[in-house]
Amino acid sequence: MSACSNCSVREKAICQSLCEADLEAMSQMGRRHTIASGETLMWQGDEEMCVGNVIEGVLKLTASTSDGREQTLGICYPSDFIGRPFGRTSSHSVVAVSEAKVCTFPRSAFDRFAQGHPDLEHKLLQRTLTELDRSRQWMVLLGRKSAGERLAAFLLDMADRLGAEDAQGHARFELPFGRQDIADLLGLTIETVSRQITRLREDGVIATPDRRGVIVLDRDRLFDCAGE
């Protein structure tokens, strides 16, 4: 694999606290994978064999009931950490929503490495608490918000996680998946997603210059639409 020092998400991932020597040691443990859209990286209930960082793409965390019903628990973007260190089994599945690249480490080896690097353990704790906050927000989004509020909140999250500022100071990003995927993630129909996007565009809150491109023209209004 490429050296960790050249990783595109190094400055945002948990590895940012490591010196060059420790990065090299961690690099020796790691392995890069490309995961196709729809492919499962980790299965709910299986032994937790690996942990890692998302390098590119988007993945979702899901849990299933005994009769096959599936619930989305959250979304993972580049620099997010996946898997459960110091755990035996996975409480959820990790599935690629778009084609994704991940850097994974054997869980047992990563656990031993983290125990010898307090700064890395501290980053893990911070990341865990952040993920807990996001999970609570996701519960509110799916359980209490209207269709319009769900979509607006989802766009705000992607603007924060994936967006780059354009020449006019607006957040601009590319949707990493299609409208059907958005509908599935938010528990909506594709028709509802399309209507809500059209409404936001006609109200001047966002612009959609192409099929996947989104520009947030009025962040304050999008924030209000999200019911925040």
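These notebook entries record what I looked up on a helix pair, a cavity and a tryptophan.

**Entry 1: model.** I worked from a predicted model.

**Entry 2: helix pair.** I examined how helix α4, residues 147-162, packs with helix α6, residues 190-202. The angle is about 70°, and the axes lie 10 Å apart. I therefore recorded α4 as roughly perpendicular to α6, since angles of 65 to 115 degrees count as such. I then listed the residues that make the contact. From α4 these are Ala147, Gly148, Leu151 and Leu155. From α6 they are Thr192, Val193, Gln196, Ile197, Arg199 and Leu200. Sorted by class, the contact has six nonpolar, three polar and one charged residues.

**Entry 3: cavity.** I searched for cavities of 30 Å³ or more and found one. The largest cavity has a volume of about 70 Å³. Its lining comprises 12 residues, and those nearest the centre are Cys4, Cys7, Cys15, Asn53 and Cys103. Two strands, β3 (50-56) and β8 (100-106), are the elements that give two or more residues to this lining. By class, I noted nine nonpolar, one polar and two charged residues in the lining of the largest cavity.

**Entry 4: Trp43.** I located Trp43 in the loop between β2 (40-42) and β3. Is Trp43 buried or exposed? Its relative accessible area is 53%, and Trp43 therefore counts as exposed, the cut-off being over 50%. Leaving aside residues up to four places away in sequence, I found that Trp43 touches Ser90, His92 and Ser93. I also checked Trp43 against Thr189: the two are 146 residues apart in sequence and 26 Å apart in space, C-alpha to C-alpha.

Methods
Residues numbered from 1 in each chain as written. Predicted model: local features only at pLDDT ≥ 70, side-chain atom pairs only at ≥ 80, totals over all residues. Heavy atoms only, no water. Axes fitted to C-alpha atoms, helices over the stretch in contact; angles between N-to-C directions. Helix = DSSP H or I, 4+ residues; strand = E, 2+ residues; numbered from the N terminus. Parallel < 35°, antiparallel > 145°, perpendicular 65-115°, else oblique. Contact = heavy atoms within 4.5 Å. Nonpolar A, V, L, I, M, F, W, Y, C, P; charged D, E, K, R; others polar. 1 Å grid on protein atoms, 1.4 Å probe; cavity = no way out; pocket = protein on both sides within 12 Å on 5 of 7 lines; lining within 4 Å. Points joined across faces, edges and corners; volume = space filled by probe spheres on them. Buried < 20%, exposed > 50% of the residue type's maximum accessible area, 1.4 Å probe, protein only.
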